[in-house]
Amino acid sequence: MPPSLILSTLAYPSPQARWTLKGPLLRSPMTHTPTAVPEKPADSATHRLRRSFTAAGTLLALLAAGAIGWFYWRARVSLPELDGTLRLAGVQHPVEILRDVHGIPHLRAQSLPDLLFSQGYVTAQDRLWQMDISRRAAFGELAEILGPRALHADIQNRTLGFREAADRAVAELDPDSRRLLTAYTRGVNAFISTHRDRLPIEFVILHYQPRPWRLADCFAVALNMMKTLNSSWRIDLMREFILSRVGPQLYRDMFPDSSPLDHPVAEMVRGPVRAVQPSPDGLLAELFGVSRHPSLAALLHPWDRSTLVLGSNDWVVSGAHTNSGKPLLSNDPHLHLGVPSVWYQIQLESPEVDVTGVSLPGIPAVIIGHNQRIAWGMTNTGPDVQDLFIEKFNPQHSNQYLYNGQWQQAETRREMIHVRGRPDYPLTVRVTRHGPIVSHEGGRDLALEWTALQPHALNISTFMKLDEAQNWQQFKDALSTFSGPEQNMVYADADGNIGYYAPGWVPVRKKGDGSLPVPGDTNEYDWQGYIPFQDLPHAFNPPYGIIATANSRVVPDGYPYFITHDWEAPWRTARIYQLLEARQKMTVADMLRIDSDIYSLEDKWLVGWLIKAAKARPPQNPQMQEALGILGKWNGEARMHSPAPLICKFTRQALLERLLRPKLGKDYRFYHWGLRWTFVDNALQNQWARWLPPGDADFNVTLMESLQDALRRIARLTGTADELRWQWGRTIPLLFRHPLDALPLMKYIFDVGPFPQRGMATTVKATTPDLGPSMRMVVDFAHFNHSVNNLPLGESGQIFSPYYKDQFSAWYAGRSFRMLFSNHAVSAAAVHKLTLEPLGHSAGGAAQ
């Protein structure tokens, strides 16, 4: 049955065929069996109509059952071979692939090219459609298979020029990196070419076949991650918009870049003679003069910070703090939670390397993990590496723009985007010396300069070098080639050392800091290079033996370079330090408990202000009194059935609105800043009259009115004013969505969830409806086999694989699984064994 028929029949469930008895049931005195009172015979037309409906219902039921059966059979056929022997062109020597009870592959090869070939092959076995959709997303080809709903995303990435950047990266490859990347690519293509008739079910549903994997596709996957972690240009527009509305003084209030809770981990560096100048008043006033563009609102979107947790936690403690006397390293990156998981667990072993951890499907090597000597984890630093330049184009010649008094010729690309079911969409992209024109709104042409689009910016061979590094110096040497996105990388080694480095390209600007759009017709704001590698934030064996990062500020006061103003709030970082400093003799179990911590410093901060305000302005409203009683008794943990986190969340929203609406009107929704509660705290602590809402006698009134407004909103949301029935976890249901869940019935087949949750966006266990810990890893240097790691769902992206969501229960509960490493432990736990042999090899096994 063709897939289109499956979708149509599944979309219209057939009625059940059933027989009914009319009239009261009677029991015969002779047989004691039910009989029906005879009815008047129906006329023949009615009888025929009933028979027709019955036959049609039966037929529809059979068709639906057949469609479901075919779907199940076809999806099962696509499951990969996990045992036996496969002969493949491209592998030079036999490769052994052992899989454990969770389907995690442990690869043993006799050479590095064979190892990467087999990594490409097994990753395609489990994640081919994810890999294909990822490269299509990067190259702006989603609308070709998904239709008009994907057109906007395609226009974005075509405009950015991801295809051109990936092709340039291939041309820049050195011979050794090209050889290894080619081996991985051949492994992916070996799977595709031998499974054209058994591709994952998504290809069947969408009626298309994947093209062969190319070297550029690996860079496409990298570009997607760079865009996810380093897209800040809309923040610049938001700041410009707010500056145009409130002026320099209130603007400075709203955008602080440090907090009393910060825990900078980097050592001080000497840096250049000229210290950085983060938008002094004179420059801010200058930019204020060119930033009066209210129409920018068309480019902005209301922000809900509770759903934006593209951060992470990582920390490392020295042996002085552990039970074993050896370091422990923990990492849980917070990314989008979808189907399948972002990461792919794998172990790679050859004479050159022995490393385990997680990879990105479509990129060779292990990205986060450990080898026999060192371990590393990552959180996003969040540098400002995107600047907007206001270009002046020639009215007489539309492809000429002004730069330093002379007209320059812009590069022009004409793209044609294929849209399923619609005509092709033509797109013209103009590129200046700064970058592509990403906006024409407000009568301005804005060009985006971004580190990811610069020559030599895509160097994924960094991770191959990292996988082989044996000590701190080799670790740094590997990172010196990394362009970004800049990461807070914690480190530990078998000798007991711990460290931290934040590698990546961070621009040094001639003038300003890139926080606002700047004139592009002059070189005054051009980039002058990047922060030298040796001056990037770093630390090695700090005296206190603890390093932790969670996306908040990592550099100390006086650091001579500008990285960003928009650090994340330090709630998670501060809480991690609280927990680590309170413990001694720590174990892997302690690390997992910290990972699962749901104490909210953010909410307890708010509760303190509310209790203080209630004493000064006692509320007469019984519901407010009850809410304050709940908050006063609350232990600060964001538990699933607790009403307190819900009260705090809506009070925070109401408070921010009450402060901002008098200044911005309904446009207050555009305000989005990591340290916004530092701004609110400053206003409350300093009693800034300029922020006191009209009609409020003091900020105590502001707080009480915010609480009352929050209670009304919660009652509307939950349908009850009974605060004891409010449950936090049900208002943030976790749902793992599949990219095809917009198609009829597909969400019931592919999606996982929804589930109520505990925790919140700013607890160590970061929790939102669709963002959170994308994996949890703890590395134990006392015994690598006691290390743990797990994904939110599972290794496989194939719906009927036993490894589709087998890890979810443990992830949801905060448990984990052993991250087996030694040959003995891996062999003992193996439940599948597959051998890849060269085509024509004399050993047994059917040719594939």
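Colleague: How do the residues of the lining of the largest cavity divide into nonpolar, polar and charged?

Modeller: The lining has 19 nonpolar residues, nine polar ones and no charged ones. Here Ala, Val, Leu, Ile, Met, Phe, Trp, Tyr, Cys and Pro count as nonpolar, Asp, Glu, Lys and Arg as charged, and the others, Gly among them, as polar. Please note that this is a predicted model, in which local features need pLDDT of at least 70 and side-chain atom pairs count only at pLDDT 80 or more, while totals for chains, interfaces and linings use all residues. Residues are numbered from 1 along each chain as its sequence is written, and side-chain values use heavy atoms, leaving out hydrogens and water.

Colleague: Which residues are closest to the centre of that largest cavity?

Modeller: The largest cavity holds about 360 Å³ of space. It is lined by 28 residues, and Met225, Ile367, Phe463, Phe482 and Pro485 are the closest to its centre. A cavity is a set of points on a 1 Å grid over the protein atoms alone where a 1.4 Å probe fits but cannot get out, and lining residues have an atom within 4 Å of a point. Points are joined across faces, edges and corners, and the volume is the space filled by probe spheres set on them.

Colleague: Which element gives the most to that lining?

Modeller: Helix H9 gives the most, with four residues. Helix H9 (215-229), strand S7 (328-336) and strand S11 (374-380) each supply at least two. Helices (H or I, at least four residues) and strands (E, at least two) are DSSP runs numbered from the N terminus.

Colleague: How many cavities are there of 30 Å³ or more?

Modeller: There are eight. Strands S8 (344-350) and S9 (353-359) each contribute at least two residues to it.

Colleague: New topic, strand S31. Is S31 mostly covered or mostly open?

Modeller: Strand S31 (residues 832-838) is mostly covered, since six of its seven residues are buried (under 20% relative accessible area, with exposed over 50% and partly exposed in between; 1.4 Å probe, protein chains only).

Colleague: Which way do S3 and S31 run?

Modeller: Strand S3 (residues 84-88) runs parallel to S31, joined by five bridges, and arginine 87 stands opposite glutamate 837. Strand S4 (residues 95-99) is antiparallel to S31, also with five bridges; there valine 95 faces leucine 836. Strands pair if DSSP finds at least two bridges between them.

Colleague: And the sheet with S12, in what order are its four strands?

Modeller: The order is S17-S18-S12-S22, in an open sheet of mixed pairing. S17 (437-439) and S22 (518-519) stand at the edges with a single partner strand each, so one side of each has no neighbour in the sheet. S12 (residues 386-391) and S22 run parallel, joined by two bridges, and isoleucine 390 has proline 519 as its bridge partner.

Colleague: What is the phi of histidine 207?

Modeller: Histidine 207 has a positive phi of about 60°. It sits in the loop between helix H8 (201-206) and H9 and is partly exposed, at 49% relative accessible area.

Definitions and conventions: 1 Å grid on protein atoms, 1.4 Å probe; cavity = no way out; pocket = protein on both sides within 12 Å on 5 of 7 lines; lining within 4 Å.
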